[in-house]
Structure formats: structure tokens, C-alpha cells
Amino acid sequence: MGAAPAAAPALFLSDLHLSEEHPGTIAAFLGFLAGPARQAASVWILGDLFEYWAGDDDLAAPLNATVCVALRALSDAGTQVAFMRGNRDVLIGHAFAQAAGLRLLPDPCEIRIDGRRLLLSHGDALCTDDLAYQAYRRQVQDTDWQRAFLARPLAERKAFIESLRQRSEEAKREKAMAIMDVNPDAVVDLLRAHDEPLLIHGHTHRPARHHHLVDGKDCERWVLPDWHDSARYLEYSNGGLHRREWKPV
């Protein structure tokens, strides 16, 4: 399948980890949706929008409802909105997408802007040196596991996810930083498989612009930043990518 056309200006963001514990980030996101995003033709959210997502039957929770309403307002105003699941919100489904007025993306996903091919990914699949994480990822990506998990009561799911979050933070403190970053060979393999496009991903919280030599061709890889009390994202406009930051007044 060829690359899907995308409209510019296009904004790319990931790793907001929205939660009630961080009201500043919530305020930044809502302001971003009502401000810079309204000036864009398309917005691409590449995973971990939420700190966790227990299932689409939790849409009525205050934070979830607020985010859905704000995303729907952006979509209704004419901006195309697309979303790729991350490791924190892997259970987001079609009910959320419909409520928020957005399109769900596969990971990876190839798009074309102004004749240029961009490959989008959350990025966690590239962290192949973290064997324990990759085993966990295979489990939660499995449709049978997801079906069984979502059949459990919502409160039970939330309690399980909270315990998993605590174990994850403890495990991170024991791992070398390099293990939790992408594997260069995995990056090259992905770029080669898609005929050397420009790659944009998040997950690692290490914003940077990298260059990879793939079969003699120089390929760019842009890593998206995480969010705190400001909106940090990439903008594709005027034929190139630009780092942007927006803060609530």
C-alpha cells in the first residue's frame, strides 16, 4: 500500500502522558488544541497521549471526556486529526476514535506531504535491546490478550494498570539508559523496509535529529519530545520540519 496523502501544515506530537496528576500538561494540551492546532491542516498524535487507558468504557471519566470533547472540536473545525496507539494507551479503540473525531493509524504508518514520504511510529518497537519490554509488548499487542483483559471489570483493570505502572518505574531505575533507547540496527531495518523515508517517532523522550546511513543513502530520524507544562511538537511546513514550543499564557 502506498503512502497516504497528508495536508500541511502538519503537526506531530507524542508522549503527553495526560493524567490528573499533571494539570499543567492538561492545560497545555487543551490550549494547543484551541490555538496552534487550529492553524494546522493536520495533527498527528503518535502515542502515549494518556498516562494509561483502561478501555473505551472509561470515556465518561472527567479527563477522558474533556480530551475527547476538545479533540472533536478541533476535528469539527476542519483540522484532520490522526492517532497512533502508544504503549500506555494501547487499548484505545474505535469508540474513543469516534467520540474524538479522529482516525486510528497502524504502527508504523507511511504518509506523503508535498511529495515527501514520512514514516510515523510510536517508537517502542525499535527498542529491541530491552528484551523484557519487548516480551511485554508482544503480550499486550495480542488481540486475544486484549479481549480477555477488556472483559474484566473496569475497576479491576485500573488497579492492575496502576500496579503495572509502579513495577515499570522500578524496572526503569535498574536498567541502563542505552537499553531503553532505540537499537540502531532496528532503525536501519525499518528504514530499509520502507525504502528510506524520513522517520518520526516518540517513546524515548529524547528529542533529537539523527542521521542513519542506509544502503549509501542518508536518512533522517526525528525523535519527538515528551510534554510537561508546555506543548512541544514538530511542524512540517514550507518543505521541512521545525521544532515548536507553545506555552499557555
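Let's start with Glu235, which sits in strand S11, residues 231-237. Strands here are DSSP runs of E, at least two residues long, and helices are runs of H or I, at least four, all numbered from the N terminus. A word on the source: this is a predicted model, where local features need pLDDT of at least 70, side-chain atom pairs count only at pLDDT 80 or more, and totals for chains, interfaces and linings use all residues. Residues are numbered from 1 along each chain as its sequence is written, and side-chain values use heavy atoms, with hydrogens and water left out.

Is Glu235 buried or exposed? Glu235 counts as buried, because its relative accessibility is 16%. The cut-offs: buried is under 20% relative accessible area, exposed is over 50%, and partly exposed lies in between, with a 1.4 Å probe and protein chains only.

Which residues does Glu235 touch? Setting aside neighbours within four places in sequence, its contacts include Pro9, Ala10, Leu11 and Arg244. Contact means heavy atoms within 4.5 Å. With Arg244, the two side chains also make a polar contact, at 3.2 Å.
That term means a pair of N or O atoms within 3.5 Å; within protein, one must be able to donate a hydrogen and the other to accept it, and residues adjacent in sequence count only if both atoms are side-chain atoms.

Now the sheet. S11 belongs to an open sheet of six strands, ordered S5-S4-S3-S2-S11-S12, with mixed pairing. Strand S5 (103-105) and strand S12 (240-246) are at the edges, each with a single partner strand, so one side of each has no neighbour in the sheet. Two strands pair if DSSP finds at least two bridges between them. Take S2, residues 10-13, and S3, residues 42-45: they run parallel, joined by four bridges. There, Phe12 stands opposite Trp44 in S3.

Next, strand S6, residues 109-113. Why call S6 largely enclosed by the rest of the structure? Because four of its five residues are buried. S6 pairs with strand S1, residues 4-5, in the parallel sense over two bridges. Ala4 has Ile111 in S6 as its bridge partner.

On to strand S7, residues 116-121. S7 pairs with S6 in the antiparallel sense, over five bridges. Here Ile113 is bridged to Arg116 in S7. The hairpin of S6 and S7 has two residues between the strands, and in it Asp114 takes a positive phi near 50°. That's my tour.
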